[in-house]
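These notebook entries record what I looked up in one protein structure.

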Amino acid sequence: MINSEISVNDRFSWKRVAGFAAYHTPVIRGQLALYFSVTILFSLLMLLKIGEVAQVCIFTIMLTVLSYMFLFSPLAFVRAGDTRIIERMIPASSSEKFVFYMVYLFVMIPVSVFAFPELSLWLYTKIPDIQHPDVLSLVSMRYQCFHDKSMALLFLVNVFTSAATLLTCFYVVMVAHTNRIIKAIISVFVIQIVAGLAGAVHGFVSAFNEALEIGLSGVPPKPLGLPQDQVMNIVHDIYGQSAFVIVTVLIMAAFTIVMLFLNYRALNKRNL
């Protein structure tokens with residue numbers, strides 16, 4: 001229940017943040033319950049002793065579903081009708097509302113989405129009876145960001161891209177007046193398509209230059225090896241080019257900062 005005796009003043013108040021959170025409690029309780037249920041199910045499936053193909057399918061589906069659960073999490077704040085009037089009446093400043101949303105989206109949502117699956121994947125690497133060599137290599141590759149520079153850079157790019165995409169989805173939810181769900185979903189896919197096209201163009205250029213170099217030198221190309229080895233070779237070829245990586249990280253970091261500012265400004269306007 002929202003405490004109607006809370007008044008807004010110039011000082012930041014966690015009490016008012018809690019009061020604003022109380023208004024959203026039914027929504028976030030339902031979303032977190034759903035998210036934890038889905039992730040616990042995936043986590044248990046990953047620990048089953050099943051065939052290699054089935055494990056690869058579960059691993060791939062799990063990563064895809066978890067990614068979109070994170071990116072689409074702001075859709076929980078889409079309610080029937082215009083809730084801006086109600087939110088404006090809640091005694092909390094723009095900064096206090098902004099803190100609630102950011103803590104929820106970047107702390108509570110990641111915990112509900114990734115905590116159990118990451119624990120499950122870690123347990124998978126420790127239980128030989130359920131392991132398959134190729135699946136184990138794919139799972140282990142996720143932890144190479146702590147040891148491999150190229151994988152660490154790829155991790156950074158993914159973090160900033162995911163953060164910027166989620167913030168864009170949230171921004172559309174905040175500012176759109178009609179068809180908010182559809183517009184927010186479209187915004188997520190547009191960013192992914194643009195990022196994918198940029199990566200594809202750079203990958204094509206890199207592959208062309210490598211092929212040209214091999215053709216001119218006459219040195220035969222290295223064997224492709226296992227699928228996970230091919231992935232690692234591609235990552236090293238692309239992210240080993242420091243200029244491209246630095247530009248990519250800076251662009252996505254700047255995009256994230258811009259979206260943080262735009263979201264705060266949108267909340268500030270809603271609070272007037």
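**Entry 1**

I noted that the model is a predicted one. I then listed the residues that make this contact: Y35, V38, T39, F42, L45 and M46 on α1, and Q55, I58, F59, I61, M62, V65, L66 and M69 on α2. By class, twelve of the contact residues are nonpolar, two are polar and none is charged.

Next I looked up the geometry. Helix α1 covers residues 14-46 and helix α2 covers residues 52-71; their axes lie 10 Å apart, at an angle of about 160 degrees. This angle makes α1 roughly antiparallel to α2, because angles over 145 degrees count as roughly antiparallel.

**Entry 2: the chain as a whole**

I then stepped back to the overall composition. The protein chain contains nine helices and zero strands. I recorded its pattern along the sequence as α-α-α-α-α-α-α-α-α.

How many of the 272 residues count as buried, as a percentage? I found 39%. Among contacts with a separation of 6 or more, 79% join residues 24 or more positions apart.

**Entry 3: helix α4 and its partners**

I looked up helix α4, residues 94-124, beside α1: the two axes come within 10 Å and cross at roughly 15 degrees. Therefore α1 and α4 are roughly parallel to each other. Their crossing is right-handed. The residues of this contact divide into 22 nonpolar, six polar and three charged.

I then asked which way α4 runs relative to α2: roughly parallel or roughly antiparallel? The axes of α2 and α4 come within 10 Å and cross at roughly 170 degrees, and the two helices are therefore roughly antiparallel. On the α2 side I listed Q55, F59, M62, L66, M69 and F70; on the α4 side, they meet L105, F106, I109, P110, V113, F114, P117, L121 and Y124. Of these contact residues, 14 are nonpolar, one is polar and none is charged.

**Entry 4: T39**

I selected T39, which is found in helix α1. Is T39 buried or exposed? Its relative accessibility is 0%, so T39 counts as buried, because the cut-off for buried is under 20%. Setting aside neighbours within four places in sequence, I found T39 in contact with L66, M69, S112, V113, F116 and P117.

**Entry 5: L136**

I next looked up L136, which lies in helix α5, residues 133-141. The relative accessibility of L136 is 23%, so L136 counts as partly exposed. Apart from neighbours within four places in sequence, L136 is in contact with Y124, T125 and Q131. I checked one of these pairs by distance: L136 and T125 are eleven residues apart in sequence, and their C-alpha atoms are 6.6 Å apart in space.

**Entry 6: N179**

Lastly I looked up a backbone angle. The phi of N179 is near 50 degrees, which is a positive value in a residue other than glycine. I located N179 in the loop between α6 (149-175) and α7 (180-217).

How values were computed:
Residues numbered from 1 in each chain as written. Predicted model: local features only at pLDDT ≥ 70, side-chain atom pairs only at ≥ 80, totals over all residues. Heavy atoms only, no water. Helix = DSSP H or I, 4+ residues; strand = E, 2+ residues; numbered from the N terminus. Buried < 20%, exposed > 50% of the residue type's maximum accessible area, 1.4 Å probe, protein only. Contact = heavy atoms within 4.5 Å. Axes fitted to C-alpha atoms, helices over the stretch in contact; angles between N-to-C directions. Parallel < 35°, antiparallel > 145°, perpendicular 65-115°, else oblique. Nonpolar A, V, L, I, M, F, W, Y, C, P; charged D, E, K, R; others polar. Left-handed = near helix turned anticlockwise from the far one by under 90°.
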